[in-house]
Amino acid sequence: MAQQGLKPSISTFGIISLGAGGVIGSSWIYTNSQFFHQYGAGGEIFGLLAASILAILVSLSFAELSTIYPKAGGEVVYGYEAFGKKGGLFAGWALLGSYLSALAFYVTASSMLLSQIIPKIATGPAYSFAGAKVHYTELILGVLITLFIFAINYRGANLTSNVQIVLFVLLILIGIILIVVGFSHGKPSNFWPAFYDHQTKTPEIFRFILPAMTFLTGWESIGVMAEEVKTPARKIGRIVVIAIMIASAYYLLVLLASAWVHPWQSTAMMEMGTVDAFKAEGFPILGTAAFIIAFLGLGTSFLALFSTAPRLIYSLAEQKILPSYFAKVHPKYGTPSRAIVMTLILVLALGWLGKGALTYFLDIGGFLTALAWGINAFNLIAIRKKHPELKGGFRNKHLSLPVIGGVIAILIALSTIIPGTSVSLVWPYEYVILGIWIVIGLVSYFTGKK
């Protein structure tokens, strides 16, 4: 353990807000134009539904283990207890990579959203990456927003969770308005048929599961931050499952409402997805509301994932998997301050890639998420065998459901690294990025051993 533990300061509603709000990001509200065009409305929505069911199955293993080991780091601790240091590294490094993939995109996504209101932000000197321009004003503004998120996290989990609660409540209220108006003023023929005539339905649904898993990551933060929660450990497991169910339902209903209120084929040709769909149907205020959801979702995800990533680094260091330098706790704020600074460095190092790297971030994040989800089912099996006497407040009567979820997640991850298939990672860029992340993990591991 570090010299002093992390301070328990997060309320029950605070951890629900961090878990569910951490899942509900920003890009899905406007990238559904791109995804409707690429996968059809059915590909995105049914793919997201399939990924949601998978996430709920997987969450059952996290729910049980989080009540047994309510420790900072969550899956790092579970992997360590199940398979030793290598298990802790494998589990933690996969989840950390998934979170950093999302955080890196948020650096320029925040300024990209602001440029829709203030177009001058997206003008002047720029550079290009993967065919997309990043203006220096966008990058500078994104860095400043990232530093603001960093400052909130540095000063304590209580401040982070209180800010998260406010953003999450606003997010839910506006989402409910969009859902009610979308279904009451729309019609089924706008959504159905849900695919283009030339599309084969099942492959399109299956292909979208991978980026959908990146959209759905973030609820694991409940287990990762369990040490700082004032809620009794026996209740944490239920909160894990509730959080992913709230977030999944929110995603599906808002996306379906946007395809219900306006013909999705038309939305697919627009720039801002749900925002433009509601505006096209004569609801400019609701189009603005959808735009606000994008900001709020970015804020809740940015805060939650920026809180969680340092706890993974802290836990890896605490278990002597990474250098113990990162296990330092701030004497005043009770936060893993050095791990938070390291997270900032990693996020800014990737964040300059900009919106051109969106596909890379989603695909690699999806692969790492699937890997982390799958690993945890095997962590649960191993811990059950090693410590049958350990029972938390949440216990699966049968291991079949979490194991099915884990096996499916592993199969999805493996299918993406086989080159040349419809679900493969993009060659060679995504394979190179993934390879670099693996090398960094190995170097960090052997440095930690010394």
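Helices (H or I, at least four residues) and strands (E, at least two) are DSSP runs, numbered from the N terminus. The model is a predicted one, in which local features need pLDDT of at least 70 and side-chain atom pairs count only at pLDDT 80 or more, whereas totals for chains, interfaces and linings use all residues. Residues are numbered from 1 along each chain as its sequence is written, and side-chain values use heavy atoms, with hydrogens and water left out.

The chain contains 16 helices and 2 strands. Its C-alpha atoms fill a box of roughly 60 × 50 × 45 Å along the principal axes. The radius of gyration, taken over C-alpha atoms, is compared with a globule rule of 2.2 Å times the number of residues to the power 0.38. For 450 residues a compact globule would have a value near 22 Å, and the 21 Å of the chain agrees with this. Of the 450 residues, 61% are buried, where buried means under 20% relative accessible area, exposed over 50%, and partly exposed in between (1.4 Å probe, protein chains only). Contact means heavy atoms within 4.5 Å. Among the contacts with a separation of 6 or more, 83% are made by residues 24 or more positions apart. Accessible areas come from the Shrake-Rupley method with a 1.4 Å probe, and for residues only the protein chains shown count as cover. The accessible surface of the chain is about 17,100 Å², and carbon and sulfur atoms hold 70% of that surface.

Salt bridges were assigned where a side-chain nitrogen of Lys or Arg lies within 4 Å of a carboxyl oxygen of Asp or Glu. The count by this rule is 5. In one of these salt bridges, Glu64 pairs with Arg384, with the closest N and O atoms 2.8 Å apart. Glu64 belongs to helix H2 and Arg384 to helix H14, and the pair links parts of the chain 320 residues apart. Both Glu64 and Arg384 are buried. Together with Arg395, Glu64 and Arg384 are linked in a network of salt bridges.

A further salt bridge joins the side chains of Glu227 and Lys71, at 3.8 Å from N to O. Because Glu227 is in the loop between helix H8 (221-224) and helix H9 (233-261), and Lys71 in the loop between H2 and helix H3 (75-117), this pair ties together parts 156 residues apart in sequence. Glu227 is buried at a relative accessible area of 12%, while Lys71 is partly exposed at 28%.

Asp363 is located in helix H14 (residues 358-386) and forms a salt bridge with Arg207, the closest N and O atoms being 3.6 Å apart. With Asp363 in helix H14 and Arg207 in helix H7, the pair ties together parts that are 156 residues apart in sequence. Asp363 is buried, with 4% relative accessibility, and Arg207 is also buried, at 13%. Leaving out residues up to four places away in sequence, Asp363 touches Arg207, Leu210, Pro211, Leu425, Val426 and Glu430.

A pair of aromatic rings is described by the distance of the centres and the angle of the planes. Rings of Phe, Tyr and Trp (its six-membered ring) pair if their centres lie within 6.5 Å, and planes under 30 degrees apart count as stacked, over 60 as edge-to-face and the rest as tilted. This rule gives 29 aromatic pairs. One of them, between Phe46 and Trp192, is edge-to-face, with 6.4 Å between the centres and 65 degrees between the planes. Phe46 in helix H2 (residues 28-68) and Trp192 in the loop between H6 and helix H7 (201-216) are 146 residues apart. Phe46 is partly exposed at 28% relative accessibility, and Trp192 is exposed at 51%. Phe35, Tyr39, Phe208, Phe215 and Tyr251 form one aromatic cluster.

The peptide bond from Trp192 to Pro193 is cis, with omega near 5 degrees, and Pro193 is in the loop between H6 and H7. Asn190, in helix H6 (residues 188-191), is buried at 7% relative accessibility.
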